[in-house]
Amino acid sequence: MSRRKATLVGFVAVLLWALLALFTVGTVPVPPFQLTAMAFTIGGGLGLIWIIWSGELGVLRQISWRVYLFGTFGLFGYHALYFSALRMAPAAEAGLIAYLWPLLIVLFSGMLPGEQLRPLHIIGALVSFVGAALIVLGGAEGFDAAALPGFGLALLCALTWSGYSVLSRRLGDTPTASVVVFCAATAVLSAVAHVLFETTAWPTSTIGWGSVLALGLGPVGAAFYVWDIGVKRGDIQLLGVASYSAPLLSTLVLIAAGVAVAKPTLLLAGLLITAGALMAARASSTQSAHN
């Protein structure tokens, strides 16, 4: 698979994550860890069907347990830290800190063999981050010192996902089929966390169950498989900056569904995110031309 095609495949994950908020709203009153367990069970099942159909089931036995531990830490660690951060700090501010991960991907990618970090990559990531901030901080409540532990967890959340994404590049020879095990292990750990910290609540309507299924098939299922392909074989710097389009697209989806209301800042945010992505694309195309 070419670098360009792998990048496009990776961007499919961003498009799927844009549906995360809409489907999550539809799953109320299911608590976070229970929802994660249910969705990842579906996502893992989806992957299992895929590798059985493609004849790659035997490949799973050839993969080191260290890889499985790494992947499970990435998927479960990110979600556990994210949910915990939102419980201990205002959602908007904590969400923005957690959304530093695309910028961190761009910065960390400069340490990868064969990758060159250009100034325009960094500038583009910063410009897109400002655009995302305009959207995420729409419900900001102001700074509260009591929320510092939550902000700290949000930062760890960003470090976990960016670290997982960049280090996945070092596991380029590991087949994407390994993500099936990551999803299954995350489902089990999330179920344990649910039993320990939450009260069980099931969807109360057909829309609720449909939303859970949609989450497992898309944003918490297929998204992690295509993201794995993108960060291992595609332009990881461009993917990092392009990921800032997720909150913009998510907001547009919520507006289209009548769940959110359009705000004047949305246009400016869209322009900044697009401008940042174009800067990163320009830097990547220049880099490719010189290679």
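In the predicted model, the largest pocket has a volume of about 1500 Å³. Its lining comprises 47 residues, and those nearest the pocket centre are L20, A21, Y82, L86 and S250. Two or more lining residues are contributed by each of the helices α2 (20-26), α3 (32-54), α4 (65-88), α5, α7, α10 (206-233), α12 (245-256) and α13 (265-290). By class, 35 of the residues lining the largest pocket are nonpolar, 10 are polar and two are charged.

The second largest pocket has a volume of about 250 Å³. It is lined by 12 residues, with R4, T7, L8, D235 and L238 the closest to its centre. At least two lining residues are supplied by each of α1 (3-17), α11 (236-242) and α13, and the largest share, five residues, comes from α1. The lining of the second largest pocket consists of six nonpolar, three polar and three charged residues.

Two of the helices that contribute to the lining of the largest pocket, α5 and α7, also pack against each other. The axes of α5 (residues 91-98) and α7 (residues 119-136) lie 9 Å apart and form an angle of about 160°. Because angles over 145 degrees count as roughly antiparallel, the two helices are assigned to this class. The crossing of α5 past α7 is right-handed. At the contact, A92, G95 and L96 of α5 meet F129, A133 and V136 of α7. This set contains five nonpolar residues and one polar residue, with no charged residues.

Terms used: Residues numbered from 1 in each chain as written. Predicted model: local features only at pLDDT ≥ 70, side-chain atom pairs only at ≥ 80, totals over all residues. Heavy atoms only, no water. Axes fitted to C-alpha atoms, helices over the stretch in contact; angles between N-to-C directions. Helix = DSSP H or I, 4+ residues; strand = E, 2+ residues; numbered from the N terminus. Parallel < 35°, antiparallel > 145°, perpendicular 65-115°, else oblique. Left-handed = near helix turned anticlockwise from the far one by under 90°. Contact = heavy atoms within 4.5 Å. Nonpolar A, V, L, I, M, F, W, Y, C, P; charged D, E, K, R; others polar. 1 Å grid on protein atoms, 1.4 Å probe; cavity = no way out; pocket = protein on both sides within 12 Å on 5 of 7 lines; lining within 4 Å. Points joined across faces, edges and corners; volume = space filled by probe spheres on them.
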